[in-house]
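Please look through the sequence and the model below before reading on. The briefing that follows is grouped by topic.

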Amino acid sequence: MSMTDLIADMLTRIRNGIMAGHETVDVLSSKINNEIVLILKDEGYIRDFETIKDNRERILRIHLKYEEDGKTNVIQGLKRISKSGRRVYVNKEDIPRVLKGLGIAILSTNKGILTDKNSRRLEVGGEVLCYIW
């Protein structure tokens, strides 16, 4: 099955998994999804992830992270910004701050997929993919 927006699908599956209280969610693996999930792990939004080889496709299994009470998820919200019908680009001066620095923006730059903090540090702009808080 072909999908047009793998990032939006991944964010929706994570959001649905959080609302249902699942421990893991499975998404289709792609280079950009792998890099976004790696950022989520580095920033502490998920516990871990693994790549599983299925019959025809590669699956990315994401282990969601909850607070000590086991009910409250670390990820409070996810929002897809740049869509296939409307791309959102920013230069290095206009990189957004999510909830005044409490969340992260993930950007696709010429240096790779970066968080807003790393984009500011490297002084590169790019396409704003999503917000996570």
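**Asn73 and its surroundings**

In this predicted model, Asn73 is in contact with Ile18, Leu64, Lys65 and Tyr66, once its neighbours within four places in sequence are left aside. Asn73 lies in the loop between S3 and strand S4 (78-80), and with a relative accessibility of 5% this residue counts as buried, the limit for that class being under 20% relative accessible area. The side chain of Asn73 also reaches the backbone nitrogen of Ile75, at 2.6 Å.

**Nonpolar cores**

- The largest nonpolar core has 26 residues, and those that touch the most other members are Ile14, Ile36, Ile62, Ile75, Ile106 and Ile132.
- At least two residues of this core are supplied by each of helix H1 (6-20), strand S1 (24-28), helix H2 (31-42), strand S3 (58-64), strand S6 (104-109) and strand S8 (126-132), and the largest share, 5 residues, comes from H1.
- Ile14, when its neighbours within four places in sequence are left aside, is in contact with Val25, Leu40, Ile62, Leu64, Ile75 and Leu78.
- Another core, of 8 residues, lies apart from the largest one and includes Ile81, Val90, Ile95 and Leu107.

- An open sheet of 3 strands is arranged in the order S1-S3-S2, and its pairing is antiparallel.
- S1 and strand S2 (46-53) stand at the edges with a single partner strand each, so that one side of each has no neighbour in the sheet.
- Neighbouring strands of this sheet are turned against each other by 25° on average, with direction ignored.
- The antiparallel strands S1 and S3 are joined by 5 bridges, and Asp26 stands opposite Arg61 in S3.
- H1 lies across S1 and S3 and runs at about 165° to S1, while H2 lies across S1, S2 and S3 and runs at about 155° to S2.

**Salt bridges**

- The structure holds 6 salt bridges, and one of them is formed by Asp5 and Arg80, whose closest N and O atoms are 3.1 Å apart.
- This pair links distant parts of the chain, since Asp5 belongs to the segment before H1 and Arg80 to strand S4, 75 residues apart.
- Both partners count as buried, Asp5 with a relative accessible area of 17% and Arg80 with a relative accessibility of 13%.
- Within helix H1, Asp9 and Arg13 are separated by about one helical turn because they are 4 residues apart, and their side chains meet in a salt bridge with an N to O distance of 3.0 Å.
- Asp9 counts as buried at 17% relative accessibility, whereas Arg13 counts as partly exposed at 33%.
- A further salt bridge is formed by Arg47 and Glu23, the closest N and O atoms of which are 3.4 Å apart; Arg47 lies in strand S2 and Glu23 in the loop between H1 and S1, so this pair ties together parts that are 24 residues apart in sequence.
- Arg47 is partly exposed, with a relative accessible area of 44%, and Glu23 is likewise partly exposed, with a relative accessible area of 46%.

How values were computed: Residues are numbered from 1 along each chain as its sequence is written. This is a predicted model: local features need pLDDT of at least 70, side-chain atom pairs count only at pLDDT 80 or more; totals for chains, interfaces and linings use all residues. Side-chain values use heavy atoms; hydrogens and water are left out. A nonpolar core is a set of buried Ala, Val, Leu, Ile, Met, Phe, Trp, Tyr and Cys residues joined through side-chain atoms within 4.5 Å. Buried means under 20% relative accessible area, exposed over 50%, partly exposed in between (1.4 Å probe, protein chains only). Contact means heavy atoms within 4.5 Å. Two strands pair if DSSP finds at least two bridges between them. Axes are lines fitted to C-alpha atoms, for helices over the stretch in contact, and angles run from 0 to 180 degrees between N-to-C directions. A polar contact is a pair of N or O atoms within 3.5 Å; within protein, one must be able to donate a hydrogen and the other to accept it, and residues adjacent in sequence count only if both atoms are side-chain atoms. A salt bridge is a side-chain nitrogen of Lys or Arg within 4 Å of a carboxyl oxygen of Asp or Glu.
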